[in-house]
Amino acid sequence: MSANIRPSGVFDVSYAQDISLNRTRTDKIIANGLFVLLLLVPLLTVEGPLGLNLLPQTWIGLMIRIAIFVIAVQGLNILVGYTGQISLGHAAFVAVGGYTGAVLARQLGFSFWAALPAAALFTGVVGLVFGLPSLRVKGFYLAMATLAAQFIIPWLLRYPLTPWTNGSRPLEVPPPTLGPLSFASENAMFYIVVPLSVFLMLAARNMIRTRFGRALISIRDNDLAAEQLGINVFSYKLQAFFISALYAGIAGALLAFHDNSLSLDKFSLGLSIEFLAMLVIGGAGFPLGPLFGVSFVILLTQDIIPNRLLPLFGSVLPTLLPFIDPVNITSSLSPLLFGLILVIFLILAPRGLAYRWEIFKIAWKIRPYSH
Amino acid sequence: MKKIALFVVLATLLTMLALPAVAQDAGLPDFIQHTECQVDLTGQTIPIYHLGDLSGSYAFITQPLIAGLGDAIKFFNEHGGVCGATLKSDVGTEYRDTGGKREEAQAAYDNFSSLNPKPDLMVLYASADAELLRSQVAEDEIPVIISAGSVAGLYGEDAQSPGWIYATNPLYADQLGSFCNFVADNPERFPNPTIGYISWPGAFGEAAYTPETISYCASKGVTILDTPEYFLPTATDISTNVLNLVDAGANILYTNSLASGPFLIAKTIVDLGLQNEVQLAGVNWALDTSVGLLSRTAINPDNGLPAVNGLIGSLPFYWWTERQQPGIAFINQQAEANQRTLSSRNIAYLLGWSIVDMYIEIYTQTVNRVGSLEAVTGADIKQTIESMKYSPLGLFNFDYQGGAIRALPDNRIAQMAFLNKAQNGPATSGDDALTVDLPDGTKAFVPLLIPLTPFSPAPDLRPGGADVP
Amino acid sequence: MTTFLETNRRSLTRAAYAVLAILVLLWLGPLILEQRPARLIGSTITGLLVGGIYSLIALGIVVINKASGVFNFAHGWMMLLGGLLFYSFFASGSVSPLAAGVLAALTVIMVITTAGWGALRSPRSLALGAVAIVVLTVLLSLSGAEWQFIRAIAGAVAGSVLVGLVVERFTIRPLIGQPLFAMVLMTLAISRALNGITQLIWGSVEIPLQVFSWVGNLGLPMPIRFDARDTLGGIILIRTELLFAFALALVAFVAFVLFFQFTNVGLAMRAAAEDQRLAQSVGLRVRIILAVAWAIAALLATAAGVLQGGATSLSLNMPLLALLAFPAVLLGGLESITGALVGGIVIGLVQEWANLLFPGTQAGTELAPYVVLMAVLVIRPDGLFGQKRIERV
């Protein structure tokens, strides 16, 4: 997008520099510095080794949740944003990852470190199976084929596979350990989840610099033209399904080991739709889209609305609207506020936050000239 | 324009600030006996944290809980609070709506559990939430009070490890067990009893259908069919499901659902003309105002009483109509004073009051022992709960002394009927039934719950429980 | 070998389908033969009747899709909102003239300004609007039980048209020309907002809507029941309210089919669905078409909500029913009105038969429709009646 816009005075002298992630030394220092800062965050909380209480402990939980969801949504981004194949069954793939990881750890005694990649691979294969209809089916019809996954997979997990999955009842999952180290606490889990999430973000970012990524994008933009150019459309679509499900599997396994329990009700159609919402809010097709979208939605629904807006409106509205039962007001506020904020957001930024971010970056690079 | 708006907002804020200043203390009714305070907590606040489905499919039953909690908090705060400390439960900061989504419940719990100071007691509503959070509350050392009693939520996967969750109802499996006892004790009413299990899918709906209840009931001579039927709460017509069970030989249908669930089954039975051949029974939630209110469409003076007339279920506490009990009389009076609609005078409103009353007793005892509110931890609260015996407003016995049991052991079986116009007994026909005028102009029938058995211990039907054959 | 496969590809595929079909029949056949005839007849009737409601829901989703290519996730909440509006005017003995006037005024203003706010400056449309407001207000404030239906229908029509137009004007219209995804997500945002609004006004409801009580007054049996335990081995139950809901759904259906086939607006909507820009360039006013589509969809949703509310109850569960209609839409084909009808009925039948043939497996409501959907999509990628797309580079 902004590949050919450089701050004045910066010139690419080689192809490697042209496609590199960090084009200048400053970029590199900033990126690495940010990563180190990120890793320092848990040390500044109450439960950190120093007990500093500089940052609220709730931040760690929120950041872990964001990091896990970013992985899941990044998987969806590869399928929807890069390849243009709509999926309404992503939560089911996350469930497959979670249950595979949990069952491997409980029944077969796998450690977390072995269960995670195994769960990811298995989920990838399941994704491949449900990707098969993409050979013939396109657009919303494909969305429905994935919607079928959203109902068939939970049914399989709930009824025929009950002996392993506990059916409708939750499945307890042991926390990850490494030798004598236990990762039961939030702060310890942070050091598994966040670096992995950053790595997978970079991998997804890298993907669109390769032949593979460009092939996916060409399929999204025009699959017939892509085929004419000699791209094996079906094979690439299947690979996209595989990688997308792989990401979902990793996210699912992390979620299982982080929450220490799995419940099928978590992975409903609502969650699949929410993933899609996060992707569109962040900006589909942008590597940074999932980060923006997930942060926006999670911060909004889990911090800003309940901690800031609800107490405000919950105390003011009953006085302003005395003819409405206060119980109605409190229970209607969270869906109402979320819906209205989303409506306003979509009108203002229909292409997502990442798109705005790219525009902002370009504007910054070519300052002080606006054209 | 902006100035006017600002003025209005300011004026509203000022009035809101001025209002709470006129609190009074008139003393509690004598039947509420809290432990004497040894520490003065005036000026401090005790939050009641809870999370659950307020806007999804269970909203019909959970919203009265919010009403009950709110009315009770207001009442007790005006009458001295907890040794002077005020109770508080506001939307967002102390309680959150999860819309029935597990992922939201997890997120809300993560938020509450990482607060500083950490909650030392919480309230949950749904079995599924309890089952999901069971190991997490144990790890975070936060005791939880819940009304729902599912085996996995209270005792874990192996059913042998009592955790940090305490239920105010008997286990769903035990409720089905005590219903089987009732059936076995009344052979003239239920010859050759065969139960078909029909419910909603999910942790709550499937909770009573366990291998232990099946074998226990079989030992009492009551068969439970091994083809349970589950239908979604959205179902339009469930005659196929009901007929599947009836064809397989069921003459009793048992449901672990609430509100529209039992109502739809009852209506289908009547529609099929099977009301004399099939008895409907259910969990304690099935015997609720909501079911009675829903049945007002089914009534038709020609058809006799509503479809749910005669519904049998567990009633492990005192009910609205048992006004000889002072707690019930008091709550009736309070619901009247707070202008609560008929639909909110249900089981959850009673629970809301009980929970607040229990909070006061638990905190008073704990603070007396520990010395100050700041020093109280979840472990202290757990210790209090496991050493006390308390009957909130006299509605049921909350007795977890010894710590091995996490659900109420006592249960009784009751039958739903409709009051006659004289309000002195069940109605004998549709014309005889008492109706009340609802605010929307329609009429509703007042359900009456008639106990069929006295309170007695329910069988212990956890896996490996004492009564499992 | 390869050439043989290449040249006979079509017949080979057909042969494979035939073999599969025979296998499925061999598997299901014995299960069907085991059943008593009464149960088969009963489940078929129930499936058909339940399917009628699915069809009506599917039609509402298809209408939006035909006009704007968007899949409407808010349809379920539009059903509940419409049903509750109907209920509010139906159940209360009289409506305050103020409330009636406000609703009438808002609706009329939204209708006359469909093409743009400029209409408010034209005296002719203002005069027309004033007349319409007065007529509507009078209709809405008719008091007494005998006017119940007129009042409720007028209120529900006005209310749902208002909802449809407001949604379109303030949320969908600003997104014309933006990525399709944003518009699909917008319907999701609307569904959350409508969720909040219904809760705010009506609270947590569970209201059986007594729209079919007049059926009982007519002397028709409720329900219609054939006790054929001696002859066919069971009871056949036809729930009268479902039967009427089905009949009304069919009437609504036929009305909308005629609308699409024979009116200019209907034809224009079909054109707009094909290509918004192209439609605009040949002089069709895409904005108006979109507005009409949303108003119609809201009306269809209300009809479905009222009928479903009458058959069961108006509750917060109702929006989930729209999810069950999704496979119906796709089974029939996204663009096809006949498809919506057939799809809805097929899904209803599949659910009931699966419940009947596989008791205790819970295959009926969630699994079977999707398995059938997958099978249909693999054989016919554009649904049963969908248009085959011809794509160009």
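This is a predicted model: local features need pLDDT of at least 70, side-chain atom pairs count only at pLDDT 80 or more; totals for chains, interfaces and linings use all residues.
**Notebook: the B–C interface and a helix in chain A**

I began with chain B and chain C, which bury about 3500 Å² between them, 49% of it from carbon and sulfur atoms; buried area is the accessible area (1.4 Å probe) that two parts lose on being put together, summed over both. B:Thr234, B:Thr236 and B:Asp271 supply 18% of what chain B buries against chain C, more than any other three residues.

Residues are numbered from 1 along each chain as its sequence is written.

Next I looked up who takes part: 38 residues from chain B and 40 residues from chain C are in contact (heavy atoms within 4.5 Å).

I then found six salt bridges across this interface (a side-chain nitrogen of Lys or Arg within 4 Å of a carboxyl oxygen of Asp or Glu). In a salt bridge, C:Glu241 meets B:Lys267 at 3.0 Å, N to O. Helix 8 of chain B gives the most to the side of chain B that touches chain C, with six residues; helices here are DSSP runs (H or I, at least four residues), numbered from the N terminus.

Last, I turned to helix 14 of chain A, residues 326–348. I noted a kink of about 45 degrees at A:Leu333, shortly before A:Pro335; the bend is the angle between axes fitted to the seven residues ending there and the seven starting there.

Notes
Chains are lettered from A and ligands numbered from 1 in the order in which they are written. Side-chain values use heavy atoms; hydrogens and water are left out. Helices (H or I, at least four residues) and strands (E, at least two) are DSSP runs, numbered from the N terminus. The expected span of a helix is 1.5 Å times one less than its number of residues.
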